[in-house]
Amino acid sequence: LIKLIIVLTLISPFIFGGYIYFHPISEKLTFKLLMKNNLFFIAFVISFFAFLFFLAYYIYEFLFREKDRGLRIEKVFITYFIIFSCLLGLGFGWLIGSVENLIGIQGVSFYKPKIPTKIYDVKGRLIAEVFEEHRIPVSIEDIPRVVINAFLEVEDKNFFHHIGVDFKGIIRAFISNVRAGKIKQGGSTITQQLAKALFTKGERTLYRKVLEVWLALQLERRFSKLDILEMYFNHIYFGGGAYGIESASRLYFGKSINKIGLSEACILARLPARPSLFSPLRHPDIAKKYNKIILLNLAKEGYITKYDALRIHREFWKKYIRKIQSESPFKTAWDITINKAPYFVDYVMERLRYYLGKDYDIYDGLKVYTTLDLDVQKIAEEEFLAGIEKADKRAKSLKKHYYDIVDRKYLEIYDFFSNI
């Protein structure tokens, strides 16, 4: 009987958790019972360690003390085990509730990446793109296979074979990090990285890591591998204000993602880990080094030959180094966007904030049509600049006469302000 109770209590949390996993209706009920109380997580951790203590103590009493006392400890152990099993079962529901509380995993079905607001003139011509996150959505069909291969090699080799969490990869990364004596590899899959980007704020806590794993499993249940890849490529941050792989390709290489080569794909694949460090604009020497490593790894996997890997690396960097010499290392997505009337655009954004309210996101894909005519605006700017130049020439011609009519003690002050 005692053994039966132990077996039942052992499997009860998994039965309860499995019911919640396959019956989303019960998620809200469990979530309400827990009331989103983070103290539950603390209680759960404490109970887990207490359970381990009771287990060790029970084994000690049963093996080395009198039998009667061992039976008494056994009853305490079974009682506590039942309580712990209930807490563990509720833990499954609590994680589900936390998922529902963030955004709602179901809402990802209607995933719409945040894109820039576009402002047009009276004839429908684009004046400017205004954004907080510069993103240009792209379909998975438009992303070359060489890009996908490069990202899978760097971020998640077993992407098409795991269920959202790669346990072999976690063990492999742990062994590699222990041998290196530092954090050399990460164990997160592409699905986990997407879950982290979509639902969490990136805090490095135990709770967030567990939640990230759970969210990854939910994403794998609801979406195909290609859907997950498409969301990942459109959402992830690549540095320099560029969100999504299309924006990153235009920032770093000046071309669309469907026109880049293998070496460029490998550079992009390295960026999400540490965008500022691996930026080919800021640190070309570091980017070049890791680019070669990734190309050689692709050669080991059989995608290309070693000879081709070295040739592609050599030819690309010979041209790219010359190209970026004329560019700022601090170039961002704001530098490659259109803004033909900056002062007018600022005015338009102020009016949008006034009419739509502070709570409305005016940087998320709006199309704003205005009364500005770009042709007239160009003429006005040209006339204005011409008038400024004439006034400047007149001021310079008059300046030489000021020495005769202005008190000399004020000349130094005048010269100072005239040059501002």
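**Helices, patches and salt bridges**

Reader: Where is Lys306?
Author: Lys306 is placed in helix H13, which covers residues 306-324. Helices (H or I, at least four residues) and strands (E, at least two) are DSSP runs, numbered from the N terminus.

Reader: What should I know about the model itself?
Author: This is a predicted model, where local features need pLDDT of at least 70 and side-chain atom pairs count only at pLDDT 80 or more, while totals for chains, interfaces and linings use all residues. Residues are numbered from 1 along each chain as its sequence is written, and side-chain values use heavy atoms, with hydrogens and water left out.

Reader: Is Lys306 buried or exposed?
Author: Exposed, with a relative accessible area of 56%. Buried means under 20% relative accessible area, exposed means over 50%, and partly exposed is in between (1.4 Å probe, protein chains only).

Reader: Which surface patch has Lys306 in it?
Author: A positive one, formed by Lys288, Lys292, Lys300 and Lys306. Patches use residues with over 30% relative accessible area and no salt bridge; like charges are joined within 9 Å, and nonpolar side chains (Val, Leu, Ile, Met, Phe, Trp, Tyr) within 5 Å. Lys and Arg count as positive, Asp and Glu as negative, and His and the chain ends are not counted. A charge is placed at NZ of Lys, CZ of Arg, CG of Asp or CD of Glu.

Reader: Which helix gives the most to the positive patch?
Author: Helix H12 (residues 284-300), with three residues.

Reader: And Tyr307, where does that lie?
Author: Tyr307 is in helix H13. Tyr307 is exposed, at 61% relative accessible area. Its C-alpha atom is 9.3 Å from that of Leu296, eleven residues apart along the chain.

Reader: New topic. How many helices and strands are there?
Author: The protein chain has 16 helices and five strands. Of its 420 residues, 40% are buried. The accessible surface comes to about 25,800 Å², and 61% of that belongs to carbon and sulfur atoms. Areas come from the Shrake-Rupley method with a 1.4 Å probe; for residues, only the protein chains shown count as cover.

Reader: Why is helix H10 called largely enclosed?
Author: Helix H10 (residues 245-253) is largely enclosed by the rest of the structure because eight of its nine residues are buried. Among them are Ile245, Leu251, Tyr252 and Phe253.

Reader: What do the buried residues of H10 pack against?
Author: Strand S3 (134-135), helix H5 (145-155), helix H9 (225-235), strand S4 (242-243), helix H11 (262-270) and H13. A contact means heavy atoms within 4.5 Å.

Reader: You mentioned H5. What does Asn149 touch?
Author: Asn149 is found in helix H5. Not counting residues up to four places away in sequence, Asn149 touches Leu298 and Tyr303. Asn149 and Tyr303 are 154 residues apart along the chain, with 8.4 Å between their C-alpha atoms. Asn149 is buried, with a relative accessible area of 12%.

Reader: Now salt bridges. How many does a search of the whole structure find?
Author: It finds 18 salt bridges. A salt bridge is a side-chain nitrogen of Lys or Arg within 4 Å of a carboxyl oxygen of Asp or Glu. One of them joins Lys114 and Asp361 (2.9 Å, N to O). This pair links distant parts of the chain, 247 residues apart. Lys114 is in the loop between helix H4 (67-102) and strand S1 (117-120), and Asp361 is in the loop between helix H14 (342-356) and strand S5 (367-369).

Reader: Is Asp361 buried, exposed or partly exposed?
Author: Partly exposed, at 30% relative accessibility.

Reader: What about Glu220 and Lys225, how do their side chains meet?
Author: In a salt bridge, 3.0 Å from N to O. Glu220 is buried, at 15%, and Lys225 is buried, at 16%. Glu153 and Lys157 also form a salt bridge, at 3.6 Å from N to O. Glu153 is buried too, at 9%.

Reader: Which residues are linked in a network of salt bridges?
Author: Asp121, Lys123, Arg125, Asp373 and Asp375.

Reader: Last one. Which residues make the nonpolar surface patch?
Author: Tyr354, Tyr355, Leu356 and Tyr360, covering about 510 Å². Tyr360 sits in the loop between H14 and S5 and is partly exposed, at 42%.
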